[in-house]
Amino acid sequence: MKRTYIILMAASLVLLCSCGNNQNNKKSETKAADTESVEEQYIKADIKIKLDSLVSELGRINATPIVENIDNGKVNLSAAVKKNRPDYLMPLDKVSEAVTLSEKYRALIVYYVDMRFAKLFDMPLDAYKQTLAKLIMDINDPAIPTDVEKSASLLNNMGPNVQQYYNESVKSNTVAYFWETMAAGSLEHLYIITRNIDLFMPLFNDQTASEVSYRLILVHEGIKSLIPYEPELEEIQTILKPLEVLNATNANELRSQLTELKGAVETARAQLF
């Protein structure tokens, strides 16, 4: 209310001064511009405080037990299971459909997520690394290391690395794309879980299951907060919207909700690029 009053007062002053000479008009225009600039600064400061808080919360959430167990070598697949290589990972040739910068960021994180699971099934990784290197070059973001392994460490993890990636995105003025990658990475993990409910759900306990929902809520909130200033985020917000109903608080609820949302998750994932 106070902010609105200030704007109205500034507008009234401009109207009053318009009755004066040209010199007064110039002064009034300058004053109005200065008032608008201050107003924008306040808004940006408020948004940054909110986004910083959301990212801090994201950083407190541990990596999903799937990621932790794969990285720690605790997911042991039998030779028979490994022979049935997953046919649901994003096809590498689909990268050609990632045309916009937003789509390239989404593709980057999707292929990083998929490469982790490809490694789990002993699939060749060279093609993934080549695709990722090309995407990193196309994106050309100072926040993302040009080395595929280094950027994997930054992007393909949750927890503390989220804060580091966000900080780098702030420096390079690419915060909107930070949220694109958070959204696409979360969605790709959900998609893979829905395709392997019996394999991966036993890794979750009630706390880690509830964190899946909480992470998505935080990502939703970050994107919605930025949309007035980064309109291109409307697209990823629309893609994620059907998944806003995900609110599991324990492992049983997560299994049930992901089973029910399997089709919605698949449809959302298909729209990433």
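Me: Which helix does arginine 106 lie in?
Reply: Arginine 106 lies in helix 5. Keep in mind that this is a predicted model.

Me: Is arginine 106 buried or exposed?
Reply: Buried. Its relative accessibility is 0%, and the cut-off for buried is under 20%.

Me: What does arginine 106 touch, leaving out residues up to four places away in sequence?
Reply: Glu180, Ala184, Glu235, Ile236, Ile239, Gln271, Leu272 and Phe273.

Me: Which side chain makes a polar contact with the side chain of arginine 106?
Reply: That of glutamate 180, at 2.8 Å.

Me: And how far is the C-alpha of arginine 106 from that of glutamate 188?
Reply: The two C-alpha atoms are 9.7 Å apart. Along the chain, arginine 106 and glutamate 188 are separated by 82 residues.

Me: OK, helix packing. At what angle do helix 5 and helix 7 pack?
Reply: About 90°, with the axes 11 Å apart.

Me: Which residues of helix 7 are buried?
Reply: Helix 7 covers residues 148–155, and Val148, Ser151, Ala152, Leu154 and Leu155 are buried in it. Seen down the helix 7 axis, they fall within an arc of 165°, so they line one face.

Me: What covers the buried residues of helix 7?
Reply: The cover includes helix 5, helix 6 and helix 8.

Me: What happens at the start of helix 7?
Reply: A side-chain oxygen of aspartate 147 comes within 3.0 Å of the backbone nitrogen of glutamate 149.

Me: Helix 6 came up. Where does threonine 131 lie?
Reply: In helix 6, which spans residues 126–139. Threonine 131 is buried, with 13% relative accessible area. Residues up to four places away aside, threonine 131 touches Leu92, Val95 and Tyr111.

Me: Next pair. How do the axes of helix 8 and helix 9 cross?
Reply: At roughly 150°, and the axes come within 8 Å. Angles over 145 degrees count as roughly antiparallel, so helix 8 and helix 9 are roughly antiparallel to each other.

Me: Who makes that contact between helix 8 and helix 9?
Reply: From helix 8, Val162, Tyr165, Tyr166, Ser169 and Val170. From helix 9, Val175, Tyr177, Phe178, Thr181 and Met182.

Me: Jumping to helix 13. Which residues are buried there?
Reply: Ala251, Leu254, Gln257 and Leu258. They fall within an arc of 130° down the axis of helix 13, so they line one face of the helix. On the other side of helix 13, Asn252 and Glu260 are exposed.

Me: What do the buried residues of helix 13 pack against?
Reply: Helix 9, helix 10, helix 11 and helix 14.

Me: Zoom out. How many helices and strands are in the chain?
Reply: 14 helices and 0 strands.

Me: And what share of the residues is buried?
Reply: Buried residues are 47% of the 273 in the chain.

Terms used
Residues are numbered from 1 along each chain as its sequence is written. This is a predicted model: local features need pLDDT of at least 70, side-chain atom pairs count only at pLDDT 80 or more; totals for chains, interfaces and linings use all residues. Side-chain values use heavy atoms; hydrogens and water are left out. Helices (H or I, at least four residues) and strands (E, at least two) are DSSP runs, numbered from the N terminus. Buried means under 20% relative accessible area, exposed over 50%, partly exposed in between (1.4 Å probe, protein chains only). Contact means heavy atoms within 4.5 Å. The arc is that of the directions from the helix axis to the C-beta atoms. A polar contact is a pair of N or O atoms within 3.5 Å; within protein, one must be able to donate a hydrogen and the other to accept it, and residues adjacent in sequence count only if both atoms are side-chain atoms. Axes are lines fitted to C-alpha atoms, for helices over the stretch in contact, and angles run from 0 to 180 degrees between N-to-C directions. Angles under 35 degrees count as roughly parallel, over 145 as roughly antiparallel, 65 to 115 as roughly perpendicular and the rest as oblique.
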